[in-house]
Amino acid sequence: MTIVAKTTDTSFAWKLYLTAALALAYVAALFSLAPEPRLVPRPRVATAAPPAAAPEVRKVRPRARIRTRSS
Amino acid sequence: MFEFHAMGTEITLSAPELGAAGEWTLARQVVGVFAVAEARFSRFLPSSELSRLNRAVAPVRVSAELFAALRRARRYVDLTAGLFDPAIGGALVACGYDRPLALGLDCGRAAAPSAAARFSELELDPESRTVFRPHHLQLDLGGMIKGHTVDCAAALLPAAGFVDAGGDAALRGAERWEVEIEDPHDPERVVGLLRIRDRAVATSAANRRRWSVGGRSQHHLIDPRTARPGSSDLAQATVIAETTELADVLAKTAFLLGRERAVRFLKQLEAVGAVLVGEDGALTVVGDAELHDA
């Protein structure tokens, strides 16, 4: 003899599905409203002084000799 | 030929074969080489790596460049039996040399006493590139780094040319460059002429970087044995060597040694020449150097 169990009350299952779907939709909506992650890195705090201004480079008359001295 | 100011002196470079445009491009590169070295090694810039090391209260991991400089310094300390010693930073400050000379160092107060410090007290760990500095030890790599920077800049030269940092110069090429040696007793005159090819030259004397503290004359050539400005029977030492850095180290050492001991010391070194000017004006030519009339 075969016994077939059949649920006749489907209202509870439907309510459960509906609640789960609504919860998922709510969570998805929350994520969609969240700010997008920053793609541009925050500016770094300077840890060293900025380089000094480049010195002026002057063209000078060519000399045949140089002079050594204490400096 | 181009000129600019860096490291408290005028830097001149020449590379005739490049033409004006090429020489200009090279000059801009050399400016960069000096700017990077000054930013890292100056003891006057609070942001420099050397200044940070001089302030550190715990072992510090340093850059490969600073660690390499400290290792070279250690070799020079050994070579000169401690007469070259970068641990004189505190002595320089005690003598009043605590800012660039151009800002003026003269002052009325007496020079402060300085704690004796030796470079050998500095601990270097090559595995981790960590440096442990005893608190009383202040480093000054001034002249040595200026020489090294000249050598780095000279590596950018084409076949022929020179880089000259106020008298410390690297000279490259098949032709000999003429180098006048200034008379330390009269900067308007020269004591002779060197002809140098593919070598470097540097000069140490107490006549230029001078100032007064508490009415007493000071200069920058500190004798590590006394932690005070050194004196000897030499007024000036000019050294020719393979690199500008080595020439600078040896010139300082020779000045502090005095004529007789400097001659003995320099003669034992290979490929090194020198011209020593005594306080009495007498000239002594040593080793691989030939002095000509200017």
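This is a predicted model: local features need pLDDT of at least 70, side-chain atom pairs count only at pLDDT 80 or more; totals for chains, interfaces and linings use all residues.
Residues are numbered from 1 along each chain as its sequence is written, chains are lettered from A and ligands numbered from 1 in the order in which they are written, and side-chain values use heavy atoms, with hydrogens and water left out.

Chain B holds 7 helices and 17 strands, where helices (H or I, at least four residues) and strands (E, at least two) are DSSP runs numbered from the N terminus. The radius of gyration of chain B is 19 Å, close to the 19 Å that the globule rule gives for 294 residues, so chain B is as compact as a globular protein of that length; this radius is taken over C-alpha atoms, and the rule is 2.2 Å times the number of residues to the power 0.38. Along the principal axes, the C-alpha atoms of chain B fill a box of roughly 50 × 45 × 40 Å. Of the 294 residues in chain B, 54% are buried, with buried meaning under 20% relative accessible area, exposed over 50% and partly exposed in between (1.4 Å probe, protein chains only). Among contacts (heavy atoms within 4.5 Å) in chain B between residues at least 6 apart in sequence, 61% join residues at least 24 apart.

Chain A has 1 helix and 2 strands, which follow the pattern α-β-β along the sequence. Buried residues make up 8% of its 71 residues. The accessible surface of chain A comes to about 7000 Å², of which 67% belongs to carbon and sulfur atoms, while chain B exposes about 12300 Å², with 51% supplied by carbon and sulfur atoms; these areas come from the Shrake-Rupley method with a 1.4 Å probe, and for residues only the protein chains shown count as cover.

The two chains meet in an open sheet of 9 strands, with the order β1(A)-β1(B)-β2(B)-β6(B)-β7(B)-β10(B)-β15(B)-β16(B)-β17(B) and antiparallel pairing, where two strands pair if DSSP finds at least two bridges between them. Its edge strands, each pairing on one side only, are β1 (58–59) of chain A and β17 of chain B. Towards the β17(B) end of that order, strand β15 (residues 234–241) of chain B is joined to β16(B) by 6 antiparallel bridges, and Gln236(B) stands opposite Val277(B) in β16(B). Strand β16 (residues 273–278) is in turn joined by 5 bridges to the antiparallel strand β17 (residues 283–287) of chain B, with Ala274(B) opposite Val286(B). β16(B) and β17(B) form a hairpin with 4 residues between them, and Gly281(B) in the turn has a positive phi of about 90°.

A further open sheet in chain B has 3 strands in the order β3-β5-β4, paired antiparallel. Here β3(B) and strand β5 (residues 130–132) share 2 bridges, and Arg61(B) stands opposite Thr130(B) in β5(B).

Returning to chain A, Arg67(A) is found in strand β2 (residues 65–68) and is partly exposed, with a relative accessible area of 29%. Arg67(A) touches several residues of chain B, including Asp164(B), Glu180(B), Glu182(B) and Glu188(B). From C-alpha to C-alpha, Arg67(A) and Ala28(A) lie 78 Å apart in space, and they are 39 residues apart in sequence.

Note on methods. Lists of a residue's contacts leave out its neighbours within four places in sequence.
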